[in-house]
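Please view the sequence and the model together with the text.

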Protein chains: 2
Amino acid sequence: MRDVLPDEVELRDRAVQTILAVYRGYGFRRIETPALESLRLLTSGEGGENEKLIFKVLKRGDELRAARERGDELADLGLRFDLTVPLARYYAQNHAKLPNPLKAIQIGPVWRAERPQRGRFRQFTQCDIDVLGVGGPVVEVELVLATSEALVTLGLSELTVRLNDRRILAAIARACGFDDARRGGFFIAFDKLDKVGPAGVIRELREAGHDAAAVATFESLLASLDPAHATIDHVMAAVTSVASPDVTSSAAALRAIIDAVAVALPPGCQVRFDPTLVRGMGYYTGPIFEIAAAGYPSSIAGGGRYDRMIGKLLGRDVPASGFSIGFERLISILGERPAGAAAAEAVGERIALLIDDPDADLAGPVSVAQRLRRDGRLVSLEVRRKNWKKQAEDLAAHGFAGWVRYNDGEPWRVRSLARPD
Amino acid sequence: MRDVLPDEVELRDRAVQTILAVYRGYGFRRIETPALESLRLLTSGEGGENEKLIFKVLKRGDELRAARERGDELADLGLRFDLTVPLARYYAQNHAKLPNPLKAIQIGPVWRAERPQRGRFRQFTQCDIDVLGVGGPVVEVELVLATSEALVTLGLSELTVRLNDRRILAAIARACGFDDARRGGFFIAFDKLDKVGPAGVIRELREAGHDAAAVATFESLLASLDPAHATIDHVMAAVTSVASPDVTSSAAALRAIIDAVAVALPPGCQVRFDPTLVRGMGYYTGPIFEIAAAGYPSSIAGGGRYDRMIGKLLGRDVPASGFSIGFERLISILGERPAGAAAAEAVGERIALLIDDPDADLAGPVSVAQRLRRDGRLVSLEVRRKNWKKQAEDLAAHGFAGWVRYNDGEPWRVRSLARPD
């Protein structure tokens with residue numbers, strides 16, 4: 001966990017406001033769930049590996065005493081490790097009061113008890129949109145376009161949107177002859193293609209003891225799944241032996257998503273089918289998608305459809321699909337860029353109104369400060385120190401653009417901190 | 001803890017943006033501290049009664065196992081119960097990288113393990129500004145004016161700012177003959193004046209075993225402390241027997257604050273000295289202040305100077321003063337008011353672009369939606385349901401102003417949801 005200094009908070013706030021404005025334009029509305037959820041919910045299996053990283057909260061008062069005496073579980077609450085599991089609980093509990101479909105924006109902190117390492121924090125911000133209560137390709141089209149527009153508005157360019165469908169991946173596994181019951185393991189190995197290459201994936205599948213003939217069939221297919229060339233038609237031809245109406249309609253929906261996204265993506269961006277896209281979470285049931293930006297190899301946003309998560313809480317399945325921006329990564333990218341004029345303009349010019357004697361009548365300086373504020377400036381009343389040169393350097397270092405000395409009298413001329421005199 | 005529905009999130013977001021804009025105008029800058037702090041910090045004594053309400057987080061892994069075996073404390077972290085104790089830690093740790101003075105805005109959640117009751121939540125938002133690193137009345141003048149302007153900008157009116165100083169209260173206690181070592185207990189009893197009246201305060205002081213002559217002297221003084229009439233001069237005359245230079249300069253600073261605030265307060269607002277203002281926290285050392293609004297009896301913002309808190313962490317005292325808006329109370333007041341046109345204008349007109357067949361080509365509807373968004377509308381692509389009347393009612397209930405049916409073709413006329421046809 002870490003403290004955030006003013007410059008970075010302003011960068012984060014601006015990014016949040018930009019993203020919110022774009023998402024609201026697409027009809028999404030912000031919701032909020034509490035940071036603490038019941039441990040029962042958080043450990044129900046939807047969180048995968050993240051469930052091992054929960055910060056658990058001790059029971060309190062009599063309940064803690066009773067738990068100690070009985071040797072029971074001492075914790076009853078946990079800090080949320082993502083925004084998707086709490087969203088499913090929120091929908092199950094509040095759906096009668098919510099719009100249908102619910103188009104939700106969530107931007108907020110999550111917590112994971114990871115070992116501290118560079119660029120990873122134990123508290124970090126997630127930034128998600130989800131559509132709950134309606135299915136069909138129109139949902140993915142809006143998720144992808146809203147997220148792309150948000151990223152482009154923030155200054156990223158040449159986005160590449162990649163799409164696949166878990167049902168097509170399942171058909172590939174079945175067509176190769178992998179055991180349906182071990183499909184999760186197949187996905188986990190396949191997901192490592194980027195990192196370990198085709199030979200590494202095949203080795204992992206062999207070592208995990210998957211059916212040898214299935215692994216061999218998959219190996220011969222793998223070369224043809226190169227996302228630079230593979231088409232939906234090509235992959236569908238490879239899985240005809242196991243093609244069900246469900247697989248056929250997934251392919252048609254994926255085509256519809258890609259066609260509609262293609263016409264509306266911001267200039268310079270592209271969308272394509274990628275049969276090697278797998279994504280990590282176990283709960284995906286349909287289309288899955290990621291966005292990468294020019295100059296940054298790994299994806300900056302990822303998501304997918306998870307139609308069976310809410311059913312486990314509500315008793316009836318509810319269609320659901322979501323897209324998450326890697327907010328901390330986005331901020332580190334934006335932080336490397338020259339912000340300069342745009343940033344200053346966004347918050348206004350910051351100046352110091354200096355008073356020589358803090359115990360003199362303050363009504364005069366206060367009135368001058370109010371007048372300067374009415375012109376859109378950010379005005380801080382500051383007491384002039386004896387070492388003015390050092391004070392001027394400090395002010396400049398912390399983003400002040402200029403200063404006015406009250407005791408110099410009218411006109412209240414703003415002087416640049418570039419040349420303190 | 002509770003879920004926040006979209007209408008309330010939008011109200012909260014608007015309030016935060018309004019407050020931030022005003023505070024930034026006064027030269028304050030937002031900072032962020034993590035939700036979790038070490039239990040050692042949180043239980044160091046500055047939090048008063050709140051320290052009993054900490055949600056404690058279990059140690060993890062080997063540390064948890066070791067603590068269990070040794071019978072040690074099982075928790076090492078806790079959720080913050082306010083934003084002031086974390087701010088002191090933040091300043092002690094980061095002061096070299098921070099502006100001096102630091103004018104900090106903090107808006108974020110805090111947690112208290114209270115018994116659930118109406119209007120009290122176990123997670124709630126605090127909204128604070130603090131000035132660290134510089135003393136003098138200029139600080140309180142800016143804190144009071146910034147907070148007043150924020151509240152007036154949010155629509156509250158006829159604010160009353162009340163001010164007092166802990167050093168004047170201490171002089172009253174000493175002049176009456178109360179034991180210096182028991183001053184905390186005297187403040188706690190005096191602070192209940194609003195609730196139990198003068199007789200109740202005197203009874204509590206007697207029952208607590210304070211010096212009987214001191215209680216009697218205080219009783220005779222109490223009537224003259226009526227905030228409607230009492231002046232600083234009057235109170236200073238009553239404490240001349242114990243007046244130190246420190247008390248005299250506190251009175252002068254309080255006069256300077258009140259005079260400067262009086263000339264710059266928004267129209268219809270007033271500021272006054274209130275010798276019966278005590279405030280709850282033990283850490284205050286100087287000026288203390290509260291703001292109430294017309295129509296709402298209890299205060300909506302409160303704060304004061306706490307010059308000795310940071311010294312306990314840093315090893316040297318740092319002047320510090322802060323003002324906190326009761327954010328949840330503010331939201332409940334704003335939520336009762338007719339939001340109407342202003343609210344809709346703030347987020348834009350929300351409309352539904354209805355498509356009849358979700359599996360038809362989506363490129364057309366997507367382009368129309370983009371065109372409608374460029375006119376500043378919030379456009380949600382929605383699939384038209386068979387029961388359109390019910391769907392139109394639902395849309396209207398959730399804040400949609402109008403709809404466009406894609407299959408009707410051009411011109412894409414927005415029709416009002418007041419008359420769905």
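Chain A has an average pLDDT of 92, and 97% of the residues score at least 70; pLDDT is the predictor's confidence in each residue, from 0 to 100. This is a predicted model, in which local features need pLDDT of at least 70, side-chain atom pairs count only at pLDDT 80 or more, and totals for chains, interfaces and linings use all residues. Residues are numbered from 1 along each chain as its sequence is written, while chains are lettered from A and ligands numbered from 1 in the order in which they are written.

| Item | Value |
|---|---|
| ipTM of the complex | 0.91 |
| pTM of the complex | 0.92 |
| Rotation superposing chain B on chain A | 180° |
| Shift along the axis | 0.0 Å |
| RMSD | 0.0 Å |

This is the relation of a two-fold axis, with copies superposed by least squares on the C-alpha atoms of residues with pLDDT of at least 70 in both. In chain B, Val57(B) comes closest to the rotation axis, at 2.2 Å (C-alpha).

Helix H6 of chain B spans residues 166-176, and eleven of its eleven residues are buried (20 or more other C-beta atoms within 10 Å of a residue's own, the C-beta atoms being placed from the backbone). Helices are DSSP runs of H or I with at least four residues, numbered from the N terminus. Just after H6(B), Gly177(B) adopts a positive phi of about 105°.

Note on methods
Buried ≥ 20, exposed ≤ 12 C-beta atoms within 10 Å, placed from the backbone. Helix = DSSP H or I, 4+ residues; strand = E, 2+ residues; numbered from the N terminus.
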